[in-house]
Amino acid sequence: MRGQNAVLGAAGLAAFLALGEAVPRLGLVKEAYFPPTSRIAEAFWDEVADSAFWSALGDTLTGWALGLILASCAGIVAGVVISVVPYLRETTASTIEFLRPIPSVALIPLAVLLYGTELRSVLLLVVYASFWQVLIQVLYGVQDVDPVADETARSYGLGTWARIRHVLWPTALPYVMTGVRLAAAVALILAVTAELVIGAPGLGARIAVAQTSQAVPEMYALIVVTGLLGLLINVGARTVERRALAWHQSVRGEVAV
Amino acid sequence: MRLLFLRIAFVFALPAVLVAVWWVASDGSTDVYWPPLRTILETFPDVWTGDRLKDDVPPSVLRLTGGYALAAVVGVALGTVIGSYRRVRAVCEPVLEFLRAVPPPVLVPVIMLFAGIGDTMKVTVIASGCVWPILLNTVEGVRAVDPVMAETARSYGVTGVARLRHVVLPSASPQIFAGLRQALSIGIILMVISEMFAASNGLGFTIVQFQRSFAIPDMWTGILVLGLLGFLLSVVFQLVERRVLGWYHGLRASTRRSS
């Protein structure tokens, strides 16, 4: 079953690539706008051989990773504090609901003015966008804490810190992981966007340059790279999630038996 | 009565404090980039009344609605087809996963090649970015239709459109709405970005224009307007969701109570 699915998937991918080759060759779309797959592949190899490409990739990944780490730490700390301190949740609810839907790209002009094309302007956007993903998940996760477990911990005289460590954190961890996984995808989108629009060094800026200089195959090749990067991040985040929660599932399994 | 008062206090206390802090902290600000809140609020009515409100807000909102609606229709339709057939799903999955992983804003330059810089480009950009979360969530939702319910419907002879309307779509709708919600924030991002790239009107265009001409308080008002728009859209979305999924939330609440 699994093997068959993999074969079908590979066939789908091959058909997709073949379609990309055939459509421009048959003249259905102008080749200048949509180069055939082989031309894109060629441009892709040229990029891989170019050291400037690797430094751009490094810049993008730096912005992504730093932003994600900052946003995750801030989101987790803020989420735990908000849910542990009495009344803080009620008072912050409206503000969070208001700030969360503000599109982070609204901050682009501000980032440009404050930091120009530095890494910091990328970070501003990435952190703002990913912070909410983590925070909301932490808040949901803490809400899920079993009241009996919490009361038990209280009656055994566990302090606030010990309760966070032994009751709240294990319950919230699966939610936190989901939050970080969502944030990882959002962080990549915002990192590339910031580079594309602001011109901070990275893959996005390279795409913008390729576009203005009419290097269409290179532009497509770079877009494919960002897609592969996104795919890699998704798969990686899922793996980390499964690893980090392996104990959790097993613990849950034992309790259920 | 007291309870209601308390609740209102909880809702408005922190925002009031934050605005007050911003007001006081920025009051004597001489930093060009952080103008006093007073100045921003004074500029606000000058900028966002009359022509600008008429020329820039409706085009942006229309583009967003158009692209979003297109993505919703295409996403749900394709997702239902792909989700209903196991083989089709297996063939499409890797390609869809890849297409979803491409950060949507990089599509702006590509679509500019095809569609120029007019409204078609913006609507296409928004639609092509929004369609993935809707499509993939629909696939998941359609796949997860309760097998007992599906079998029952089949044995009662409910097939075709009726089956789609009464069995498949309702049971997939919570998932579909999760996708629609993700798509909404992507849509706003793409609306702003496509206007920042090439446009002669719209919110994104205006804000970048302010920034380039160093009209800093005006730029701040633009950021506020975008924030308000994002907030407003998410409120509207919540209202619609609550109406459409009312039965589902009720069901969940009652099962939670009985368990």
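Modeller: What follows describes the contact between the chains and then some helices and salt bridges within them. Please keep in mind throughout that this is a predicted model.

The contact draws on 53 residues from chain A and 49 residues from chain B, and between them the two chains bury about 4500 Å², with 80% of that area on carbon and sulfur atoms. Three residues, P109(A), L110(A) and L113(A), supply 12% of the area that chain A buries against chain B, which is more than any other three residues. Between chain A and chain B the count of salt bridges is zero, and the count of residue pairs in polar contact, with both residues at pLDDT 80 or more, is one. On the side of chain A that touches chain B, at least two residues each come from α1 (2–25), α4 (88–99), α5 (108–115), α8 (160–198), α9 (203–212) and α10 (216–244) of chain A. Of these, α10(A) gives the most, with 12 residues. Sorted by class, that side of chain A has 35 nonpolar, 14 polar and four charged residues.

Turning to the inside of chain A, helix α6 of chain A (residues 119–143) has 25 residues and reaches 36 Å from its first C-alpha to its last, close to the 36 Å expected at 1.5 Å a residue. This helix, α6(A), is mostly covered, since 18 of its 25 residues are buried. In helix α8 of chain A lies T171(A), which counts as buried because its relative accessibility is 13%, under the 20% cut-off. Leaving aside residues up to four places away in sequence, T171(A) touches G141(A), D144(A) and V145(A).

Although none joins chain A to chain B, the structure holds 16 salt bridges over all chains. One of them pairs E151(A) with R154(A), with the closest N and O atoms 3.9 Å apart. These two residues are separated by about one helical turn because they are three residues apart in helix α7 (residues 147–155) of chain A. E151(A) counts as partly exposed at 48% relative accessibility, and R154(A) counts as partly exposed at 43%. In chain B, the side chains of D27(B) and R38(B) meet in a salt bridge at 2.6 Å, N to O. That pair links distant parts of the chain, with D27(B) in helix α1 (residues 2–27) of chain B and R38(B) in helix α2 (residues 37–47) of chain B, 11 residues apart.

Definitions and conventions
Residues are numbered from 1 along each chain as its sequence is written. Chains are lettered from A and ligands numbered from 1 in the order in which they are written. This is a predicted model: local features need pLDDT of at least 70, side-chain atom pairs count only at pLDDT 80 or more; totals for chains, interfaces and linings use all residues. Side-chain values use heavy atoms; hydrogens and water are left out. Contact means heavy atoms within 4.5 Å. Buried area is the accessible area (1.4 Å probe) that two parts lose on being put together, summed over both. A salt bridge is a side-chain nitrogen of Lys or Arg within 4 Å of a carboxyl oxygen of Asp or Glu. A polar contact is a pair of N or O atoms within 3.5 Å; within protein, one must be able to donate a hydrogen and the other to accept it, and residues adjacent in sequence count only if both atoms are side-chain atoms. Helices (H or I, at least four residues) and strands (E, at least two) are DSSP runs, numbered from the N terminus. Ala, Val, Leu, Ile, Met, Phe, Trp, Tyr, Cys and Pro count as nonpolar, Asp, Glu, Lys and Arg as charged, and the others, Gly among them, as polar. The expected span of a helix is 1.5 Å times one less than its number of residues. Buried means under 20% relative accessible area, exposed over 50%, partly exposed in between (1.4 Å probe, protein chains only).
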